[in-house]
Each structure stands twice: as C-alpha cells, then as structure tokens.
Amino acid sequence: MCLIELTIMIFVPLPFVVALLLFILFMRMVRQNDWTEQAKRPFLLLIGAYTLQSIIIGVRWGYDVVGILPVQPVVASMIAALAWISFRNLAADRQTSLLHFWPHILPSALIVALLIFWRDPVGPVVTATFLAYGTTLLWLARNGPDALVSSRLDGALLSYRSLVITGLALIASSAADIAISLDLEQSGGIHAGAIVAIGNVITLLVLGTAASIASASQSLAATTTEPPAPAKSQEDDAIARALESLMLSRQIYRDPELNLGRIARKMNLPARRVSIAVNRVHGVSVSQYVNDFRIRAACESLVATDEPITRLMFDCGFISKSNFNREFLRVAGTNPTEFRRRSRHKPAGDMRPTLFVSR
C-alpha cells in the first residue's frame, strides 16, 4: 500500500510540472515573436508537442486513463519528425516553408492507420522512427557547429549542443521502448509504468531545454575533439584572406544576426566551402573565428573607453551575456571586468590587448 501511494506521489505531479516548465518556454518564445521568424517556427511547434506529450503521460500514468493511450505514439512520432525538421531547417542556407517537409507526416499517418487496422506493430514502428530520426540528427551534427549555417554565430555552439542532445535523446527513447517491450515479455509489464513515466518525463524536459537552445556552462570548443583538418590549399588561403579583409574593412562581425549563410552570400561562395577554409587555415569553426574578432573589438573598447560592458557587448555583435562572458574567457583568459582592471595598470605603450585572430 505504501509503495502504491509513493508511486502515485511520484508519477502524478511530475509530468504536469514538466508540462508547465515546457509551457513557460513555449510562451517565452511566443512573446519574443519567434513565430514571425521562419527558422524558429519548427522549434515553437516542437516545444508545443513536448508540452502536449507530457500532459498525455500525466493523464495516462497519473490517472490511469487508458483511453488516451493511442494518442501518445502519434504525438511521439510527430515529435521525432519536428525535431529533424527544426534542425534541418537551421542547417539550410535559405529557409523553406514547413509545407516543404510534408513527407515527414507519413510516420504519424502510418501509426494512425496501424492503430485503426493492426495495433501490434505500433510499438516497433515508433521505436524505429525515434532511432531513425535520432541517428539522422547525429549524422547532421558530424560537420560540427558550422553545419547550422542559419544559426546566429553568437549562439551556434549552443545550437549545436542542442542538436547533439536531441539526437542522443531520441536514440535513448528508442532504447527505453525496447526495455519496455522486454519487460512486458519477461515480467508482464510490472515495471513499464515506471520506465514510461520517469523516462519520458526526463527525456521531454531535456528535449524541451535543448529545443529552446538554452545556455550551457562551457563552450563546445573545450569539450569536443575535432579530427585533424586536411592540409590547406591555395584556394583555402585565398578564401581566408578574403574573409579577413571582409571582417576588417566592413566589420560585419558586429552584426548580431550574422550567420555562416550570410557570410557565404557576401563572398559568393557555398557556406560549406567557407567553413572548410576557416577550419583548415585557422583551425577553428566559423563561429569561433567571428567571435575572436568580436572579443578583440571588445578588448580594445574596454581599454580605450569607459563604456559599460553590456553596451560594448551589444556593439561587438553579442546578444547573450552568458555567450559573451564564455567567449571572452576562452579568448582573453579572464572576464571583461578583470581585463579592464588589468589593462589600466599596464604601461602606456602596452595598452593593446594581446589577442590574435589569425592563427
């Protein structure tokens, strides 16, 4: 009896609390007018689907409403498809309408048909859908942060982190579905409720946070290992010089909405070609390369002026304070306040920040 009461105490509140947190994320994006930006619409729909799924889980496992069970696999397949559409759209040089992705409705349509005519394969189909989309997302992530050419360079690393987390979470969900199937065969499903309620709720919360592209505690530059870049060519050197000239003459790094796609269009080159050249010549991603210019400009302003740090941050092209502080620490080795304090104690002839964008 105590175990039953404890189970109810755990399962009933948790899905609805998660749904509330996801709904707050959803409303925050709505209030920021994210629906007006084509690249953000799939993410908005994705978080809405996460919220709906969390509510369904709460109703099903909290109140034992069996009648709502058929809705869950349909929404689950929609979530997997929307996750792919969201990040694939972010990886496209030019944004396309959601109608362009209509074939991704087919998994949900198949599950609806199976629910009507033949329910036995529904579980395996959902598992295969999550596994397929999760694997495809990780395949999309193989090219690093520069794969997300429509992501603002200020947040490209965080977008990339979200992509990887989402891919791994979808694969983990498929593994949980397999565990449930094994539990049903071996013990009659006595642990299925716990696996579904806890596993899905935690997954939804992680996915919702990833979809909102929340800030992280450290840069991917410090946590991922890139394979050695192939030897640079003369063409790579020419592209790198042209890009550096563009940065210095027009200071395009100050544009907070700058992304790899915009840079490539200004240079009349494919985005992937620009990314490869920067990686081979400088050994960094395009987002890191641009942020190096931004931090260098911020350092020069910190030394030469008394402007507030927040104003300098915006002027140099950053929008997020957490991103600015993290990138500043990566490039300058300290925080902006400490950098300004130290620079005031340097000799008059040694006031320039010792930063080098070119490597």
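## Cysteines

In this predicted model, Cys-299 has a relative accessibility of 0% and therefore counts as buried. A search of the whole structure finds 0 disulfides, and Cys-299 accordingly takes part in none, the nearest cysteine sulfur being that of Cys-316, 8.7 Å away.

## Packing of H5 and H6

Helix H5, which covers residues 106–117, packs with helix H6, which covers residues 122–140, at an angle of about 170°, and the two axes lie 10 Å apart. The angle makes H5 roughly antiparallel to H6.

On the H5 side, the contact is made by Pro-107, Leu-110, Ile-111, Leu-114 and Leu-115, which meet Val-122, Val-125, Val-126, Thr-129 and Tyr-133 of H6. By residue class, the contact of H5 with H6 comprises 9 nonpolar residues and 1 polar residue, with no charged residue.

## Met-78 in H4

Met-78 belongs to helix H4, which spans residues 71–90, and with a relative accessibility of 39% this methionine counts as partly exposed. Although Met-78 and Ile-105 are 27 residues apart along the chain, their C-alpha atoms are separated by 7.3 Å.

Technical notes:
Residues numbered from 1 in each chain as written. Predicted model: local features only at pLDDT ≥ 70, side-chain atom pairs only at ≥ 80, totals over all residues. Heavy atoms only, no water. Disulfide = S-S within 2.5 Å. Buried < 20%, exposed > 50% of the residue type's maximum accessible area, 1.4 Å probe, protein only. Axes fitted to C-alpha atoms, helices over the stretch in contact; angles between N-to-C directions. Helix = DSSP H or I, 4+ residues; strand = E, 2+ residues; numbered from the N terminus. Parallel < 35°, antiparallel > 145°, perpendicular 65-115°, else oblique. Contact = heavy atoms within 4.5 Å. Nonpolar A, V, L, I, M, F, W, Y, C, P; charged D, E, K, R; others polar.
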